[in-house]
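Here is a short briefing for a reader new to this structure. Have the sequence and the model in view, and follow the topics in turn.

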Amino acid sequence: MDNVLGLGIESTAHTFSCAVIEKNKKDGRILSDIRHIYRPADGQGIHPREASRHHVEHSSTVLSECIREAGITIHDIDIVSYAAGPGLGPCLRIGAIVARSLSSFYNIPIYPVNHAIGHIELGKLLTGATNPMVLLVSGGHTMLLAFLNYQWRVFGETLDITLGQLLDQFGRSMGFASPCGQNIEELARTSSNYVPLPYSVKGNDVSFSGLLSATKSVAARSKADACYSLQETAFAMTSEVVERALSFTQKRELMIVGGVAANRRLSEMLRDVCRRHGSKFFAVPLQYAGDCGSQICWTGLLESQVKPGVSLENTFVTQSWRLDSVRIDY
Amino acid sequence: MKLVKRGAEADLYKTRWQNSDAILKIRKTRKYRNPLLDSRIKRRRTIKESQMLCLVKSFGVSAPLVYFVNPKTASIIMQEIPGRPVHDLAEQKIIKLSKTIGELVGTLHKNGVMHGDLTTSNFILYRDTIFVLDFGLAQVSTKPEDHAVDLRLIKEILNSAHAKIMSSAWNNFLNGYRGVVGSTYHAKIIRLVSEIEGRGRYAQVV
């Protein structure tokens, strides 16, 4: 069987998304990727129950639109995959329920997928990176990874909150709507006055919580200065650990994936890091940086090369599921 | 001057000092970094590193001699250690040396120094002696939490870069470490290491 058609369902946090990908050997073609995103009130974060309600309400329309846009029928689908973690429990369950229903009713093999691995695999598909050092930066992750011996290994990570949480929590404290990355980036561009903030690099790891508190007090004086200094400090810390890992591992490629990959200032800094180390820089296309069904779908398709689907009793969801515990055989 | 290594933080050049081979370590400006932040980081680390290189020798940890420091240009001229980084050695050798590395780290901690960047490339084997390098992130600290951060880092490095020999190297490291700091302190630090790991994102908290 050369052509495999997969359906992927993502529902780990604020996004409910379905995507259809056609896989032909190593190539994948995204036929459709439909999303509906839960928006909490300005200044507030994701409420897991409200988010899961949002997912329930929009699951059927997103699914049918996804199938229609792909120009297929549900009977054409060869495998269905869903994000089984890590994420918010109530939200994860919705995606899993949709996947299980399709799987049992239409008798389609089902694959649980690690959401973080999804970011990486889709990034590799879309950028063409072959053996990259991966910087995964999102609301749920801030990790520096390299593939070795069947597993993604963590070279560095945050010791407390993630880069996405740092930006969102700071943005919300100023009344922005989550996700706040873009608002902060725009406001930061209006300032060039750097206010010294705590810079916390511990070997290959970073810590952002002190920075968050300190930035909030700067914001009382000037919001623009606070945004500018926050970005400069947090991204410089991130770039430094990337430099450390590149120099330690001598990897020739760096790939950045996850929601914060959309930030242009961060990409600019990392590009400079790569130039210095003679590594190639790959950023996942903006449209696929954030959570989407494609990342789940593609990873499920890769899994299906080496494994049959799991039985329905084993279609779990796990809120805590570290990607460095997943064995990769494809 | 010949560029020897383009490090994460600094560039290393081969040079001469008086009549001996020396290394010039210079922290270059990062274009991507805000200039004010950049100069603060470079200056602080240059001073810290040169102080620490001297301090650790006072309790018997081998480290390069410091010949000259210039905080303005963020550069240090130091003795060249012509050995090989532990990172590049054969796996069996790394396992064996892990015990000595554990002892060295134990000695640092016992004397109130946190290294801050414990990777296998920061230990150099030269004529049966291991030299410790790269003290730019080091701190004078007797806090158990800081010492645990050190151990967690080297554990992370073993787990990622030396995955195949992780368990034997880590055991040897801990044996060496315990031999120096004593079993009570060792147990305390190990507890803190798992506490820090438990704080990690999506860690399985049992």
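Predicted model: local features only at pLDDT ≥ 70, side-chain atom pairs only at ≥ 80, totals over all residues.

Two strands count as paired if DSSP finds at least two bridges between them. Five topics follow.

**The sheet in chain A**
- An open sheet of 5 strands runs in the order β8-β7-β6-β11-β12 of chain A, and its pairing is mixed.
- The edges are held by β8 and β12 (280-283) of chain A.
- Each edge strand has a single partner, so one side of each is left without a neighbour in the sheet.
- On average, neighbouring strands of this sheet are turned by 25 degrees against each other, direction ignored.
- β11 of chain A, residues 253-257, pairs with β12(A) in the parallel sense over 4 bridges.
- In that pair, A:Ile256 stands opposite A:Ala283 of β12(A).
- The helix α8(A) lies across β11 and β12 of chain A. Its direction makes about 155 degrees with β12(A).

**The nonpolar cores**
- The largest nonpolar core has 106 residues. Within this core, A:Leu254 and A:Ile256 touch the most other members.
- α7(A) supplies the largest share of this core, 12 residues.
- Both domains of chain A take part: domain 1 (3-119 + 291-325) and domain 2 (130-288) each give at least three residues to this core.
- Which residues does A:Leu254 touch, leaving out those up to four places away in sequence? They are A:Pro132, A:Met133, A:Leu135, A:Val242, A:Leu246, A:Leu270, A:Cys274, A:Ser279, A:Phe281 and A:Phe282.

**Where chain A meets chain B**
- Contacts link 38 residues of chain A to 32 residues of chain B.
- On the chain A side, the elements that give two or more residues are β7 (142-148), β8 (151-157), β9 (201-202), α7 (223-249) and α8 (264-277).
- Which element gives the most to this side of chain A? It is α7(A), with 9 residues.
- The residues on this side of chain A divide into 15 nonpolar, 12 polar and 11 charged.

- β1 (residues 2-6) and β2 (residues 11-17) of chain B pair in the antiparallel sense over 4 bridges.
- B:Arg6 has B:Asp11 of β2(B) as its bridge partner.
- A hairpin through 4 residues joins β1(B) to β2(B).
- β2(B) also pairs with β3 (residues 20-26) of chain B, in the antiparallel sense and over 7 bridges.
- Here B:Leu12 stands opposite B:Lys25 of β3(B).
- The hairpin of β2(B) and β3(B) has 2 residues between the strands. In its turn, B:Gln18 has a positive phi of about 50 degrees.

**The domains of chain B**
- Chain B is divided into domain 1 (2-79) and domain 2 (84-199).
- Between the C-alpha centres of these two domains of chain B there are 22 Å.
- Where they meet, 14 residues of domain 1 of chain B are in contact with 13 residues of domain 2 of chain B.
- How do the residues on the domain 1 side divide, and how many are nonpolar, polar or charged? There are 8 nonpolar, 2 polar and 4 charged residues on the side of domain 1 of chain B that touches domain 2 of chain B.

Key
Residues numbered from 1 in each chain as written. Chains lettered and ligands numbered in written order. Contact = placed C-beta atoms within 7 Å. Nonpolar A, V, L, I, M, F, W, Y, C, P; charged D, E, K, R; others polar. Core = buried A, V, L, I, M, F, W, Y, C linked by C-beta atoms within 7 Å. Buried ≥ 20, exposed ≤ 12 C-beta atoms within 10 Å, placed from the backbone. Domains from an automatic or database assignment. Axes fitted to C-alpha atoms, helices over the stretch in contact; angles between N-to-C directions.
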